[in-house]
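Please keep the picture open while I talk, and follow along as we go.

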Amino acid sequence: MKYIIFDLDGTLIDSMPVWRGTGSGFLQRHHFPVPENLMDVVKTQTIWQTAAWFRSDLGVPMEETEIVNEIVASVVEAYRHTIPLKEGAKEYLEKMALEGVRMCILTASEAEYIYPALERLDILKYFDHILTCTELNAYKDDGKAYLVAMEKMGGTMAETVVFEDAYYAVKGAKSAGFSVYAVLDEAVRKDDIEKIKETADFCFHTYKELL
């Protein structure tokens with residue numbers, strides 16, 4: 001591989017515990033019932049798409065900007081101060097950089113809170129681009145965001161590998177024609193883990209397996 005497109009949350013940094021319960025917490029604070037399929041819906045969305053869904057489908061009478069600002073406020077301190085790297089991730093990034101591999105981050109999270117984490121964890125230097133789905137107006141479930149990221153790096157399909165941890169994203173990248181390496185996280189539901197194993201080209205638990 002000569003180019004790598006990395007997801008961020010759950011793939012390079014261990015931020016999923018921070019997000020788990022954020023949406024339900026917001027709804028409970030504002031006295032709205034929490035739908036049973038909440039996590040299934042929001043895990044495929046950017047925070048702006050989630051805010052739009054809260055308004056259109058759940059009837060939250062707030063502007064999308066208000067919803068986003070409140071949710072971001074609840075997680076931003078963790079990004080600034082506590083969220084750790086996945087085991088072996090920095091060593092793997094260093095190894096790839098020394099081998100001349102060009103890398104970027106493609107994330108459904110937002111720039112305003114991920115940059116403090118990237119700077120604190122000292123990994124910003126490894127990436128040619130930090131790309132968000134919101135800024136690109138392209139998303140992972142249909143694979144378009146990965147194609148845009150590849151073009152920005154100047155890569156080719158044959159030379160580019162996508163690293164992801166969520167089934168919908170693995171599926172989206174594969175549908176666009178990419179090779180996919182999947183991080184298997186214990187927090188991911190068992191049925192999703194099995195789907196990831198069936199779909200991805202290679203699966204691993206920690207980056208130490210790749211060193």
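Predicted model: local features only at pLDDT ≥ 70, side-chain atom pairs only at ≥ 80, totals over all residues.

In what order do the strands of the open sheet come? There are 6 strands, and the order is E3-E2-E1-E4-E5-E6, with parallel pairing. Strand E3, at 129-132, and strand E6, at 202-204, stand at the edges, and each has a single partner strand, so one side of each is left without a neighbour in the sheet. If you turn the model slowly, you can follow the twist, which averages 20° from one strand to the next.

Let me go back to E4 and move on from there. E4 and E5 run parallel and are joined by 4 bridges, and within this pairing Val 162 has Val 180 of E5 as its bridge partner. Continuing to the next strand, E5 pairs with E6, again in the parallel sense, over 3 bridges, and here the bridge partner of Val 183 is Phe 204 in E6.

How are these strands connected with helices? E4, H10 and E5 make a right-handed β-α-β unit, and a right-handed β-α-β unit is also made by E5, helix H11, which covers residues 190-199, and E6.

On another part of the sheet, helix H7, residues 111-120, lies across strand E2, at 102-107, and E3, and its direction runs at about 145° to that of E3.

The crossing in which H10 passes H11 is left-handed. On the H10 side the contact is made by Tyr 167, Val 170, Lys 171 and Lys 174, and on the H11 side by Asp 192, Lys 195, Ile 196 and Thr 199.

The next pair is H4, residues 47-56, and H5, residues 64-81, which pack at an angle of about 125°, with their axes 9 Å apart. H4 and H5 are therefore oblique to each other, and H4 passes H5 in a right-handed crossing. Which residues make this contact? From H4 they are Ile 47, Trp 48, Ala 51, Ala 52, Phe 54 and Arg 55, while H5 brings Glu 64, Thr 65, Ile 67, Val 68, Ile 71 and Val 72. The residues of the contact of H4 with H5 divide into 9 nonpolar, 1 polar and 2 charged.

Finally, H5 also meets helix H2, residues 22-29, and the axes of H2 and H5 come within 10 Å and cross at roughly 120°. H2 and H5 are therefore oblique to each other, and the crossing of H2 past H5 is right-handed. Here Thr 22, Phe 26 and Arg 29 of H2 meet Ile 67, Glu 70, Ile 71, Ser 74 and Val 75 of H5, and the residues of this contact of H2 with H5 divide into 4 nonpolar, 2 polar and 2 charged.

That is where I will stop, and I am happy to go back to any part of the picture.

Technical notes:
Residues numbered from 1 in each chain as written. Heavy atoms only, no water. Axes fitted to C-alpha atoms, helices over the stretch in contact; angles between N-to-C directions. Helix = DSSP H or I, 4+ residues; strand = E, 2+ residues; numbered from the N terminus. Parallel < 35°, antiparallel > 145°, perpendicular 65-115°, else oblique. Left-handed = near helix turned anticlockwise from the far one by under 90°. Contact = heavy atoms within 4.5 Å. Nonpolar A, V, L, I, M, F, W, Y, C, P; charged D, E, K, R; others polar. Pairing = 2+ DSSP bridges. Right-handed = clockwise from strand over helix to strand, strands pointing away.
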